[in-house]
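These are notes for a colleague who is looking at this structure for the first time. Please read the points below with the structure open.

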Amino acid sequence: MSKQPAIILSSLDYDRIDALLAKEKELSPVHEQLLLEMERATLVEPEAVPANVVTMHSKVRFKLKSSGKEFEKTLCYPQELATTSDGISIFAPVGAALLGLAVGQHIDWPMPGGQLDQVEIVELVDQPERKGEFYR
């Protein structure tokens, strides 16, 4: 993998994701990659998250380099998928790649089947912290 971009995580998102991962009996490759990202992230309090950074419950428009296709999804926890019409789980390969990136950043990320793809943040359509929702 090429050099990965700097990422920022809210301490709240970090704690919640860490607690979910701790409950897993066996970690998948996506879980392990997410843990590595969390370890290298800069942690900040929810109130200090920059307005252009993808956090949990953010609606984000992103592009996959391999296909050039753009998608607009809301990053959510696995248990919220049934109630989030445009949701993508933090435990899905692309979902894990989105967390902590800022608009304009991209990351090389392993996809199902072992190939790498580049995920680029095109726009942060909505972010809870930007609206003052720090502890949702």
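1. Contact here means heavy atoms within 4.5 Å. On that basis aspartate 86 touches Lys59, Glu72, Lys73 and Thr74, with residues up to four places away in sequence not counted. The model is a predicted one.

2. Aspartate 86 sits in the loop between strand 4 (70-76) and strand 5 (87-89). Is aspartate 86 buried or exposed? Its relative accessible area is 16%, and since buried means under 20%, aspartate 86 counts as buried. The side chain of aspartate 86 also makes a polar contact, at 3.0 Å, with the side chain of threonine 74.

3. For the chain as a whole, the secondary structure amounts to three helices and seven strands. Read from the N terminus, the order of elements is β-α-α-β-β-β-β-α-β-β. The C-alpha atoms fill a box of roughly 35 × 35 × 30 Å along the principal axes.

4. Does the radius of gyration of the protein chain agree or disagree with that of a compact globule? A compact globule of 136 residues would have a radius of gyration near 14 Å, and the protein chain has 14 Å, so the two agree. Of the 136 residues, 46% count as buried. Among contacts between residues at least 6 apart in sequence, 58% join residues at least 24 apart.

5. Helix 1 covers residues 11-23, which is 13 residues. From its first C-alpha to its last, helix 1 reaches 19 Å, close to the 18 Å expected at 1.5 Å a residue. At the N-terminal end, helix 1 is capped by serine 10, which has a side-chain oxygen 3.2 Å from the backbone nitrogen of leucine 12.

6. Which residues of helix 1 are buried? They are Ser11, Leu12, Asp13, Ile17, Leu20 and Leu21. The cover over the buried residues of helix 1 includes strand 1 (8-10), helix 2 (29-40) and strand 2 (42-44).

7. Leucine 27 lies in the loop between helix 1 and helix 2. With a relative accessible area of 30%, leucine 27 is partly exposed. Apart from neighbours within four places in sequence, leucine 27 is in contact with Leu21, Glu32 and Leu35. Leu21, one of these, is also among the buried residues of helix 1.

8. The count of aromatic pairs comes to one. Phenylalanine 62 and phenylalanine 71 have ring centres 5.6 Å apart and planes at 25°, so the pair is stacked; planes under 30 degrees apart count as such. Phenylalanine 62 is buried, at 2% relative accessible area, whereas phenylalanine 71 is partly exposed, at 29%.

9. Histidine 57 is placed in the loop between strand 2 and strand 3 (59-64). Most residues other than glycine have a negative phi.

10. An unreviewed UniProt entry annotates residues 50-123 as "domain: Transcription elongation factor GreA/GreB C-terminal". In the model, the end C-alpha atoms of residues 50-123 lie 14 Å apart. This span is 8% helix and 39% strand.

Terms used. Residues numbered from 1 in each chain as written. Predicted model: local features only at pLDDT ≥ 70, side-chain atom pairs only at ≥ 80, totals over all residues. Heavy atoms only, no water. UniProt positions renumbered as here; feature names shortened; annotations may be inferred. Helix = DSSP H or I, 4+ residues; strand = E, 2+ residues; numbered from the N terminus. Phe/Tyr/Trp six-rings, centres within 6.5 Å; stacked < 30°, edge-to-face > 60°. Buried < 20%, exposed > 50% of the residue type's maximum accessible area, 1.4 Å probe, protein only. Expected span 1.5 Å × (residues − 1). Polar contact = N/O pair within 3.5 Å; in protein donor to acceptor, adjacent residues only side chain to side chain. Rg over C-alpha atoms; globule rule 2.2 N^0.38 Å.
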